[in-house]
Amino acid sequence: MTQTHDPLDSDVNVPLRAVVGNPELALDPVVETLRPGALDAPVRWAHVSELRDPAPYLLGAELLLTAGVNLPEEPPEIDRYVRRLADSGISALGFGLTPGAYETLPPPLRTACVRHGLPLLIVQPRTPFLAISRAVSVALAEAGQREQRRIAVAREALTRAAGDGLGELASALAGRLRAWVALVGVGDVLAADHGAPSPLPAEVRELVATLRTGRGIRSATTELADGTHVVAQPVYPQATASHLVVVGRVARFDGADRSILSVGAALLGLAGRAGSDAAGLGATATALLLGETDVVGGDERRLVAGIAYRRGPSEAAARYDWLRARLDTPLVRLLPGPRFTAIVREAPEIGDLDRLRADGWLAVVGSPVPPERLPDAAGEVELLLARAGALGRPVVAEASGLGLDALIAPDAAAGFAAQALAPLRELDRKGDRELVETLRIWLAHHGGWDRTAAELGVHRNSVRHRIGQIERALGVDLADPEVRMRLWFALRWSNQVTLR
């Protein structure tokens, strides 16, 4: 069966054995309910429910905990309860023994779990359900951190391999995923490594055809008759599905694998356009990704960023190709919000920004900077987006010719920003006040109480209270336009420094 999905979906989980094996929980699995591989089942959360039928409210892969408060008394009803849980896809059922209630495991529950293959864990009275939920939460957080580290290491290895061409990059991707890799065009394998089947099996060709009928950056999966799991994804920044990267292996691909595949797909797209302008931009992105700013040369570039104010997330994501063509760059990154960031050589014309706006995007253009300063420019476009939102129109950095950045040395700007905002940052550290963010949004909205409150999601009186705190902390009068100007530049320079 072929499935398509968003490659950004998260799939962090821990195996059931990691929970059962935690000595602090003292969980006692009922052995006869454990089928082969049961302890390898993924657990994405621990959930407590005393509902007679919690199945409609479950997502799957939960460790469900119950003390049997509403457990049916008749064996047929208990069997139905367990069958519904098994069909919902939970990983295991934890039954809490309670003095005065269920001091031993009800035999019909044991029988039903054996019949339906649902792992059953006995939770002793000394182990509160909260301790189990907390342990699972901690384990999930640690698993997420391990995934992020793995993705970061893979990203660096793949970007290094990208400089040596498609073959080396395909080989590096295959090694990171422990899978075979094929880069396929219209019916042909362009680059293959680690045993990619040639010709592609019929199921894979069907998968590719399914993916090519869609739009945007998606991925599709299938399982071959021999148990091989296959994932196909468009090579982007083209993202037209004319070229796809296909990977396959016996083990399923988890969330980290899919993130690594997405990085590989992006780099394959850039490497495949060697010799073009996109290849030069790709080299810049690769060097920036590695932090190797000393190897980046060439002329200045700009960041363009935008937020979708009219379209829903799925509609905005579907506009990837349109954005890439309109901005004349393959380096377009779509983010939740929805929003985008792009790297361009030439600043878009006002007409282009107006066409973006007509399509539902409110966009801004940052100042021209050398490639090694692109990370710093991200701070500037964040402030420009705040200004564009307040003005309700696109904004181009320093379009008026009143730029002051060239007159201020970066170190002096950083020192000024740190000193000016230090009292607010200290107060923010001591409590959840968000004074710096409140000041930024309030200034962007020209002191508008209602619009600032709406963006922050608080009452306008809360905004007034925070602005009063800011004035007292800084010893200033925010009614003074010169004070506002100085603080705006402090926020701008502070943003650039913190993103270095």
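Modeller: Before we start, a residue counts as buried when its relative accessible area is under 20%, as exposed when that area is over 50%, and as partly exposed in between. Please also keep in mind that this is a predicted model.

Biologist: Okay, so is Phe 340 buried or exposed?

Modeller: Phe 340 is buried, because its relative accessibility is 0%.

Biologist: And which residue does the ring of Phe 340 pair with?

Modeller: The ring of Phe 340 pairs with that of Trp 361, with 5.1 Å from centre to centre and 80 degrees between the two planes, and this arrangement is edge-to-face. Trp 361 counts as buried too, because its relative accessibility is likewise 0%.

Biologist: New topic: what sits over the ring of Phe 253?

Modeller: That is the charged end of Arg 249, which lies 4.4 Å from the centre of the ring of Phe 253.

Biologist: Back to Trp 442, then. Which residues of α14 and α16 meet?

Modeller: On the α14 side, Trp 442 takes part together with Leu 435, Thr 438 and Leu 439, and on the α16 side they meet Val 463, Arg 466, Ile 467, Gln 469 and Ile 470. Sorted by type, the residues of this contact are six nonpolar, two polar and one charged.

Biologist: How do α14 and α16 cross?

Modeller: Helix α14 spans residues 435–444 and helix α16 spans residues 460–474, and their axes come within 10 Å of each other and cross at roughly 105 degrees. The two helices are therefore roughly perpendicular to each other, because angles from 65 to 115 degrees are given that description.

Biologist: How many residues of α14 are buried?

Modeller: Nine of the ten residues in α14 are buried, so this helix is mostly covered. Among them are Val 436, Arg 440, Ile 441, Leu 443 and Ala 444, and Trp 442 is also one of the buried residues.

Biologist: What comes after α14?

Modeller: His 446 follows α14, and its phi is positive, at about 55 degrees, although His 446 is not a glycine. His 446 is placed in the loop between α14 and α15, and it counts as exposed, because its relative accessibility is 56%.

Biologist: What about Ala 61, what is its phi?

Modeller: The phi of Ala 61 is near 65 degrees, which is again a positive value in a residue other than glycine. Ala 61 lies in the loop between β5 and β6, and it counts as buried, because its relative accessibility is 5%.

Biologist: Let's go back to β17. Which residues does Leu 362 touch?

Modeller: Leu 362 is in strand β17 and is buried, with a relative accessible area of 7%. Leaving aside neighbours within four places in sequence, Leu 362 is in contact with several residues, including Ala 305, Ile 307, Tyr 309, Leu 385 and Pro 394. Tyr 309 is 53 residues away from Leu 362 along the chain, yet their C-alpha atoms are separated by 6.9 Å.

Biologist: And for the protein overall, how many helices and strands are there?

Modeller: The protein has 17 helices and 18 strands, and buried residues make up 47% of its 500 residues. Among contacts between residues at least 6 apart in sequence, 65% join residues at least 24 apart.

Terms used: Residues are numbered from 1 along each chain as its sequence is written. This is a predicted model: local features need pLDDT of at least 70, side-chain atom pairs count only at pLDDT 80 or more; totals for chains, interfaces and linings use all residues. Side-chain values use heavy atoms; hydrogens and water are left out. Rings of Phe, Tyr and Trp (its six-membered ring) pair if their centres lie within 6.5 Å; planes under 30 degrees apart count as stacked, over 60 as edge-to-face and the rest as tilted. Buried means under 20% relative accessible area, exposed over 50%, partly exposed in between (1.4 Å probe, protein chains only). A charge sits over a ring if NZ of Lys or CZ of Arg is within 6 Å of the ring centre and within 35 degrees of the ring normal. Axes are lines fitted to C-alpha atoms, for helices over the stretch in contact, and angles run from 0 to 180 degrees between N-to-C directions. Helices (H or I, at least four residues) and strands (E, at least two) are DSSP runs, numbered from the N terminus. Angles under 35 degrees count as roughly parallel, over 145 as roughly antiparallel, 65 to 115 as roughly perpendicular and the rest as oblique. Contact means heavy atoms within 4.5 Å. Ala, Val, Leu, Ile, Met, Phe, Trp, Tyr, Cys and Pro count as nonpolar, Asp, Glu, Lys and Arg as charged, and the others, Gly among them, as polar.
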